[in-house]
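Reader: Hi! I'm new to this one, could you walk me through it?

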Amino acid sequence: MKSFGGPALFLDRSDINTDEIIPAKYLTEITKEDLKPYLLEDLKLPGFDPKSEKTLKSGVVVSRANFGCGSSREHAPWVFEVNGMNVVIAESFARIFRQNMFNCGMAAIELPADQIERLFGYAGAADASIDVDVENQKLTVAGGGKSEIIQFDLSPFDKALVLAGGWVDYADSKY
């Protein structure tokens, strides 16, 4: 079973869309690996560099509401996956992006605005990380000499998809 979490990348904005996650001009690439260098290439946030070491070493993304809006392309979760980011935590997700995450065996965790704000309290810590225990539905955020545990909810089916490694592996084990 893969581990979930790691160094945290904080993207402090709502409505980050799939064109910002992976620009449409790269959707003709043949493999997931070919998408890797273009992660968040068109995302414009003050001080954000998609090519920075911090971005490239992150294992989890924390953002605001309506993450993954825009087109229904599954390339958006794929580019996170191929870059080692298998968890996105946000206040809410666009429906298709969220389901594509689970279908790929990745975790899309929704938390209320006040808990998202608590997570952003760790954004200034150079060592901010979030480890996710999907089985027990809790995450541990740490950084700057402090830490805390936050519970989250997943539907039984979404949890089963993540733990199985995605829809194909889930179906292979059940049918």
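This is a predicted model: local features need pLDDT of at least 70, side-chain atom pairs count only at pLDDT 80 or more; totals for chains, interfaces and linings use all residues.

Reader: Great. What order do the strands of the sheet have?

Author: The order is β4-β3-β2-β1-β5-β6-β7, in an open sheet of seven strands with mixed pairing. Strands are DSSP runs of E, at least two residues, and helices are runs of H or I, at least four, numbered from the N terminus. Two strands pair if DSSP finds at least two bridges between them.

Reader: And which are the edge strands?

Author: β4 (107-110) and β7 (146-151), each pairing on one side only.

Reader: Switching to α4: why is it largely enclosed?

Author: Because seven of its eight residues (75-82) are buried, meaning under 20% relative accessible area with a 1.4 Å probe, protein chains only. Among them are Trp78 and Phe80.

Reader: What covers those buried residues?

Author: The cover includes α1 (18-21), α2 (32-35), β2 (60-62), β3 (87-90) and α5 (95-103).

Reader: Nice. What comes just after α4?

Author: Gly84, which takes a positive phi of about 80 degrees.

Notes: Residues are numbered from 1 along each chain as its sequence is written. Side-chain values use heavy atoms; hydrogens and water are left out. Buried means under 20% relative accessible area, exposed over 50%, partly exposed in between (1.4 Å probe, protein chains only). Contact means heavy atoms within 4.5 Å.
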